[in-house]
Amino acid sequence: MMRVAVLGSTGSIGVSTLDVLARHPGHFEVAALAAASNHARLLEQCRSHRPRVAVLTDPVAAGRLESGLRAAGLATEVACGADALAEVAAATDVDAVMAAIVGAAGLPSTLAAARAGKRVLLANKESLVVGGELLLDAVRGGGATLIPIDSEHNAIFQCLPAGLEAGRAMRGVRRVLLTASGGPFLRSTRAELERVTPEQACAHPRWKMGRKISVDSATLMNKGLELIEACLLFGMEPAQVEVVVHPQSIVHSLVEYVDGSILAQLGNPDMRTPIAHALGWPERIASGVESLDLVAAARLDFEAPDIGRFPALRLAREAAESGGTSPTVVNAANEVAVAAFLAGTLGFSRIPEVVEAVLDRHGCEPVTGLDVVLEADSWARGYAESLLVGEARSRA
Ligand code: NAD
Ligand code: MG
């Protein structure tokens, strides 16, 4: 029996994870659930999955959850606050942690799971982009197993030979090809991009996801963060990671070997496939995903990304090349800009411009410890906020 903690259980990945777990009651047990504030959904999840503990970071929501659980006669304990996330991730009654919180807020719990030697199912790419080598050191030091959930990286993991060590290049691999759907604005002009609304940006043509990653997919920053993620996970140089736009989202990514062979992983675009892969690994377990109908799909198209219209990809590549604190800064500035866009106070095309302004001002430093990363993260957030305030004032 594998005991699983699902962090970010009320989100898109969390819900898909619980769907897969519920298909295998004899093999998995839900030990813990955690989310930010959605107490109603978390209560429903506790009813179905009976975890030992449920965490909400919002204290008022945690209080409501507690009353709901007691009224329902459920024994699940309630914990509250950000520290409780890391405690749950490292708890002795947990074997595997689904890291599916969104943003750098997931870093402390992902680090805790790694240090405690858990099987870490990493959906929360931002925690790897921000934590970088520190997170990989924690994985190696803690004896943890890191399995990527991001569909592209999970595809690459599946196409690599067995025995991958987090962050170490594998012999015989020439490069990896990351596929990108291109997002909802693949064919939009610059003028159209200026007028994009949050609703349009969150209506992804292939994947149903949380709002932040949907916006990242629309700006292509998601692919940029994934490029950094691929370099870290697979020990690749940025030049060894090529991004290819593939609008059908059927080929999830590819690995090229030195002999010219290319291996790809294909399937319907449904996150339950990588989730089931990572939960069952090295075995295969059912995910509920339907068979891919290649004849119905009929064609697979590939094209180069347009860096002119989607500069976020260039910025992320530059950050991957400079290394140090640059990826942390790109991520932090992007989180601030995306939140402002979703709140309706920043234009869509301004998102990469804000990120670029913050990256330009940043003095990149080598990452010698977590304090350096946290300092860079908070500086970048503060500077990005100051740009937004200045912008709002000049508009008024
Ligand atoms: P989502 O917005 O649907 O869900 C986020 C979850 O995290 C929710 O349960 C929310 O309550 C919780 N949360 C948010 N902030 C929190 C905080 N500060 N503390 C504790 N919990 C917090 O997001 P999602 O689409 O499920 O994405 C989750 C992560 O997985 C992201 O890092 C995303 O990039 C990654 N990912 C998602 C997909 C996808 O298909 N949705 C694919 C690949 C990678
Ligand atoms: Mg992805």
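Modeller: Helices are DSSP runs of H or I with at least four residues, strands are runs of E with at least two, and both are numbered from the N terminus. Please bear in mind that this is a predicted model.

Colleague: In which loop is alanine 298 found, and is alanine 298 buried or exposed?

Modeller: Alanine 298 has a phi near 65 degrees, a positive value in a residue other than glycine. Most residues other than glycine have a negative phi. Alanine 298 belongs to the loop between α13 and α14 (312-322). Exposed means over 50% relative accessible area, and alanine 298, at 65%, therefore counts as exposed.

Colleague: What is the relative accessible area of serine 249?

Modeller: Serine 249 also has a positive phi, near 50 degrees. Serine 249 sits in the loop between β9 (241-245) and β10 (251-257). The cut-off for buried is under 20%, and serine 249 is buried because its relative accessible area is 5%.

Colleague: Which loop holds proline 282?

Modeller: The peptide bond that joins tryptophan 281 to proline 282 is cis, its omega being near 5 degrees. Most peptide bonds are trans. Proline 282 lies in the loop between α12 (272-280) and α13 (294-297).

Terms used:
Residues are numbered from 1 along each chain as its sequence is written. Chains are lettered from A and ligands numbered from 1 in the order in which they are written. This is a predicted model: local features need pLDDT of at least 70, side-chain atom pairs count only at pLDDT 80 or more; totals for chains, interfaces and linings use all residues. Side-chain values use heavy atoms; hydrogens and water are left out. Buried means under 20% relative accessible area, exposed over 50%, partly exposed in between (1.4 Å probe, protein chains only).
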